[in-house]
Amino acid sequence: MHDSVWWLQVLLPVVILVGGFTFVSVIGWARERRKEREAFYRSEVLKKIAESPENSAQRVLEMLRQEDQNRQNRIREGLKLAGLVNVAVGAGLAVLLSVLFRQEHGAWLLGLIPMGVGAVIFVYVYFLAPRTS
């Protein structure tokens with residue numbers, strides 16, 4: 001190593017690793033803090049609903065049902081997006097392989113693998129997944 005750049009070759013990877021791990025740990029801490037805050041607010045709202053005199057149990061159950069339905073809808077929408085991304089990646093891969101390997105017949109067929117995964121996700125979401133009311 002040249003004397004003027006040895007510190008750069010040693011120090012740069014160390015700084016990148018320390019910065020990366022710090023960033024990941026701060027994100028994890030912030031996510032857990034948000035979950036704790038949401039759980040606290042949720043419990044406070046449920047407590048206030050339960051303390052109200054009229055139909056408190058029914059209102060609490062309705063709120064819990066609505067939260068569960070919202071969670072299931074978010075999962076379904078995420079699966080729809082995952083299926084769409086897989087189909088798009090498969091189509092792009094098929095086009096790329098057909099352009100790169102014109103002599104190889106059938107190289108584009110490798111793009112059908114992620115397209116098939118995306119199609120299976122779509123079939124599950126639209127036909128097999130449990131419906132929410």
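## Helix packing and local detail

In this predicted model, helix 1 packs against helix 2 (residues 56-100) at an angle of about 150°, and their axes lie 8 Å apart. Angles over 145 degrees count as roughly antiparallel, so helix 1 is roughly antiparallel to helix 2. On the helix 1 side the contact is made by R42, V45, L46, I49 and A50, which meet S56, R59, V60, M63, L64 and E67 of helix 2. By type, the residues of this contact are seven nonpolar, one polar and three charged.

L93 is also found in helix 2. Beyond its neighbours within four places in sequence, L93 is in contact with L110, G111 and P114. From W29, L93 is 64 residues away in sequence and 37 Å away in space, C-alpha to C-alpha.

The structure holds two aromatic pairs. One of them joins F40 and Y41: the ring centres are 5.8 Å apart and the planes meet at 55°, so the pair is tilted.

Relative accessible area for two residues:

| Residue | Relative accessible area | Class |
|---|---|---|
| F40 | 49% | partly exposed |
| L93 | 31% | partly exposed |

Confidence remains to be stated. The protein has an average pLDDT of 87, and 95% of the residues score at least 70. Helix 1 (residues 6-51) has the lowest confidence, with a mean of 89, and helix 3 (residues 112-128) the highest, at 92. Where pLDDT is low, the predicted coordinates should not be read in detail.

Notes. Residues numbered from 1 in each chain as written. Predicted model: local features only at pLDDT ≥ 70, side-chain atom pairs only at ≥ 80, totals over all residues. Heavy atoms only, no water. pLDDT = per-residue confidence, 0-100. Helix = DSSP H or I, 4+ residues; strand = E, 2+ residues; numbered from the N terminus. Phe/Tyr/Trp six-rings, centres within 6.5 Å; stacked < 30°, edge-to-face > 60°. Buried < 20%, exposed > 50% of the residue type's maximum accessible area, 1.4 Å probe, protein only. Axes fitted to C-alpha atoms, helices over the stretch in contact; angles between N-to-C directions. Parallel < 35°, antiparallel > 145°, perpendicular 65-115°, else oblique. Contact = heavy atoms within 4.5 Å. Nonpolar A, V, L, I, M, F, W, Y, C, P; charged D, E, K, R; others polar.
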